[in-house]
Amino acid sequence: MRVSGAESVLVLGGTAEARDLARRLEASGARFVSSLAGRVARPRLPVGEVRIGGFGGIDGLRSHLRERGVRAVVDATHPFAATVTGHAAEACAAEDVPLLRLERPGWAGHPASGTWHWVSDHDEAARTAAGLGAAPFLTVGRQSLGRFTGPLAERVAVVRVVDDPGVALPDTWTVVRSRGPYDVESERELMTSHGVDVVVTKDSGGTHTVAKLDVAAGLGLPVVVVRRPCPPPGVPTTDDVGRAAQWAMRPDV
């Protein structure tokens, strides 16, 4: 979808925080457009005008900022959307457009986080999980599944994704297609019915999918967590949607 006319604020979205921000901006009467990458077949759409699809890299985003008269950008993409976040930082700096990063808090504050196996990337997560259990529960997103098929090929894994994985998976793996939020009861049923003995995830944060970590703690299961990528330097960040809305509506932004 495309919109006509100029946009005052560009929201790079695809998250619950971005949808909340869109509701606040619409209620305030602000002009804005939400942009979704289009990687999910049936995305949850925010209120207001929406565009779906990439910009064509940094140069494409720079052109968009100029041509559409964007005066401010809020990057509310997923904490692991490092490419988009990096492109936004470079494009906004080049075009002198104010940029704010809206990012939900991670799970480092979870009561059990001190017992988790924190790793730097998905390859390390796969190797670590291979040494911890025979029936891993993978909630790492479909785009990263190919990193796990080798190290965990002989495991009886349960994979949860929103859309079709898009890659060949071992015959011993079970694919569960669903979309959160999830509660403790349903997560416990899934994990116990499949005999899960290690949980593998990434530090997405938020409340929609934290129940699996609560269940893992209750069952005494090891947890492997991929750390978030480092944010671009010099970009102000908040985890408060209300503060992001106020920032975006400031006349001097």
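Predicted model: local features only at pLDDT ≥ 70, side-chain atom pairs only at ≥ 80, totals over all residues.
## Helix 5 against helix 6

Helix 5 covers residues 184-193, and helix 6 covers residues 211-219. Their axes come within 9 Å and cross at roughly 60°. That angle makes helix 5 oblique to helix 6.

Which residues make the contact between the two helices? Helix 5 supplies Val 184, Glu 187, Arg 188, Met 191 and Thr 192. Helix 6 meets them with Ala 211, Lys 212, Asp 214, Val 215, Ala 216 and Leu 219. By type, the contact residues divide into 6 nonpolar, 1 polar and 4 charged.

Most peptide bonds are trans. The bond that joins Gly 180 and Pro 181 is cis. Its omega is about 10°. Pro 181 is found in the loop between strand 9 and helix 5. Strand 9 spans 174-177.

## Asp 96 and its positive phi

Most residues other than glycine have a negative phi. Asp 96 is not a glycine, yet its phi is positive, at about 60°. Where does Asp 96 sit? Its place is in the loop between helix 3 (82-95) and strand 5 (99-102).

Is Asp 96 buried or exposed? The cut-off for exposed is over 50% relative accessible area. Asp 96 has 70% relative accessibility, so Asp 96 counts as exposed.

Technical notes:
Residues numbered from 1 in each chain as written. Heavy atoms only, no water. Axes fitted to C-alpha atoms, helices over the stretch in contact; angles between N-to-C directions. Helix = DSSP H or I, 4+ residues; strand = E, 2+ residues; numbered from the N terminus. Parallel < 35°, antiparallel > 145°, perpendicular 65-115°, else oblique. Contact = heavy atoms within 4.5 Å. Nonpolar A, V, L, I, M, F, W, Y, C, P; charged D, E, K, R; others polar. Buried < 20%, exposed > 50% of the residue type's maximum accessible area, 1.4 Å probe, protein only.
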